[in-house]
Amino acid sequence: MERHITAAAGRRRGRFSATVAGLLAAGLAIGGCGANGERTSADRSNREAGRTAPAAPDGAGTANPEGVREDGGRPSAAPAPDYLSTFALDVDTASYGYARRTLAEGRLPDPATVRPEEFVNSFRPDYPRPSDNGFSVTLDGARAGQDGWSLVRVGLATRAADKRGERPPAALTFVVDVSGSMAEPGRLDLVKESLGLLADELRDDDSIGLVTFSDAAETRLPMTRVGDARGRIREVVDSLTTSSSTNVEAGVRAGYDVAVDGHRKGATNRVVLLSDALANTGATEAGTILGRIEEERKQYGITLFGVGVGSDYGDAFMEQLADRGDGQTTYVSNSAQARKVFVDQLPAHVELRARDAKAQVSFDRRTVEKFRLIGYENREVADEDFRNDHVDGGEIGAGHTVTALYAVRTRAGATGPVATATVRWLDPATRAPHERSGSVGTAGLTADIWGGGHDSLQLTAITAYFADALRGGGLPGAPGFRALAGSADAIAGRSGSAVVRELADAVRQADVLFGRAVGPDRTPEGGATREGELRSGDPYS
């Protein structure tokens, strides 16, 4: 449940693992104002004292990287805990992909599978990129048109990978579900196509292992350097066929055995699970498998990437596995999506830019009455653990972006700083901590979210409102399905984006399925039953 924070609210609690991986490439330039700043080791005393960089006094969107007042006085203390929001970074996208497929098949997604941050992060704003291996931090926003509410967007980005440049080798163990449920079109056939594409994209010094599982697990290919083995890899992939039940536990355990045996120091070691995650044999709950995943992550740095397929998909099960494995999830339902993941993105994203990345946003009580983080419920981190590097954060690759959207109610007539966002991460090689900050003030929130010149911010708002409506609604300023679809159509028309056009279609499908008109628009009240009951040149992809 989204938290509604006021001055009387208590401190956020939670210690959850999370990972970021960016699977979609850059989009249009953002509107609004923002700025970047960085703290270095010279500021350790301030960090350990729990202080954050204050926003600029004029609220115009500049950052104060040293955490010192402009008048040279003592560093400003952090806001009270109820004016802080802290979370581990995440750009999983599986929730949006699965919701789109479910809607296209005439079903409404189960609200429990709808995660707004995954809708938002399925579309990649063109945030400024840093020149080094850290993050850029950009804040912008606009009025949401209702009783003092605005949307404030926090955008983080890493430097893109050079496809022809140096990068660490990859050691990838693919764990492929070949159970009977994977015989449905769009499951094992899509997995085989994806793996065949990937074999042509990896470099000679990368390594691949392959494990299959149904009622039991079988190692089909031990960890093997790609080099001259591409033909052998294709033969193994082409030979995959389905059989019997789904023992995910056996597959994951065997996959991690192969990954550990083939572990390469200095490489990106990753297990890639391709499955509909409908476990029905062995351990059918994620909890019994998590211990092994966490153990190998801590000892060997092996992360887990979950790729979901199929019209029936064990979303919660896959999400739990990927979270514990410091990984990510995505969902593919057709060849174009498979090509995007396995050709355009996975080979380029094996290079890490940051480990254990967390964000903390501080709101200024002088201008902010209340705020709400949209999504990220299972990525919460206790405020006091922001600088505790033993508390897990997200793993961030090259060329990734992370977006967090807040609904913020400002105080009537107040001007000045609104929010300062700080991202903290560990260098992947040295584990040295780094921080950067950016801020936004009331001067950056004067435009109307649905006015002209804010396509990127509008798109973020559309996806967040869409996800919230699918979960039951409640966000201030929600325009309703028809208005959301119309705004998405307008952006698609201006940008030529096919993926934004697909978003508009999905919103219209939800409008029809909810089925009850209220006034000039449709809301998520009443209507159709939920799921299971009802029988690249693109600038935003």
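**Exercise 1. Find what share of the chain's 541 residues is buried.**

Solution. Start with the term: a residue is buried under 20% relative accessible area, exposed over 50% and partly exposed in between, using a 1.4 Å probe and protein chains only. By that rule, 60% of the 541 residues are buried. Next, take the surface: the chain has an accessible surface of about 19,300 Å², and carbon and sulfur atoms own 48% of it. Such areas come from the Shrake-Rupley method with a 1.4 Å probe.

Before moving on, note that this is a predicted model, where local features need pLDDT of at least 70, side-chain atom pairs count only at pLDDT 80 or more, and totals for chains, interfaces and linings use all residues. Residues are numbered from 1 along each chain as its sequence is written, and side-chain values use heavy atoms, with hydrogens and water left out.

**Exercise 2. Count the helices and strands, then work out the order of the six-stranded sheet.**

Solution. Helices (H or I, at least four residues) and strands (E, at least two) are DSSP runs, numbered from the N terminus. The chain has twelve helices and 18 strands. Two strands pair if DSSP finds at least two bridges between them.

- Step 1: the open sheet reads S7-S6-S5-S8-S9-S10, with mixed pairing.
- Step 2: the edges are S7 (217-225) and S10 (328-331); each has a single partner strand, so one side of each lacks a neighbour in the sheet.
- Step 3: from one strand to the next, the twist averages 15°.
- Step 4: look inside the sheet, where S8 (residues 268-275) and S9 (residues 303-308) run parallel, joined by six bridges. Leucine 273 has glycine 306 in S9 as its bridge partner.

**Exercise 3. Decide how helices H4 and H5 are oriented to each other.**

Solution. Axes are lines fitted to C-alpha atoms, for helices over the stretch in contact, and angles run from 0 to 180 degrees between N-to-C directions. H4 (residues 188-201) and H5 (residues 230-238) pack at about 175°, with their axes 10 Å apart. The two are therefore roughly antiparallel, a label for angles over 145 degrees. Contact means heavy atoms within 4.5 Å; among the residues making it are Leu195 and Ala199 of H4, and Ile233 and Val237 of H5.

**Exercise 4. Explain why helix H2 is largely enclosed by the rest of the structure.**

Solution. Nine of the eleven residues of H2 (residues 94-104) are buried, so the helix is largely enclosed. The buried residues include Tyr96, Tyr98 and Leu103. Their cover includes H3 (116-120), S10, H10 (455-470) and H12 (498-514). After H2 comes glycine 106, with a positive phi near 85°.

**Exercise 5. Is isoleucine 491 buried or exposed?**

Solution. Locate isoleucine 491 in helix H11 (residues 481-495). Its relative accessible area is 0%, so isoleucine 491 is buried. Histidine 454 is 37 residues away in sequence and 9.7 Å away in space, C-alpha to C-alpha.

Definitions and conventions
Angles under 35 degrees count as roughly parallel, over 145 as roughly antiparallel, 65 to 115 as roughly perpendicular and the rest as oblique.
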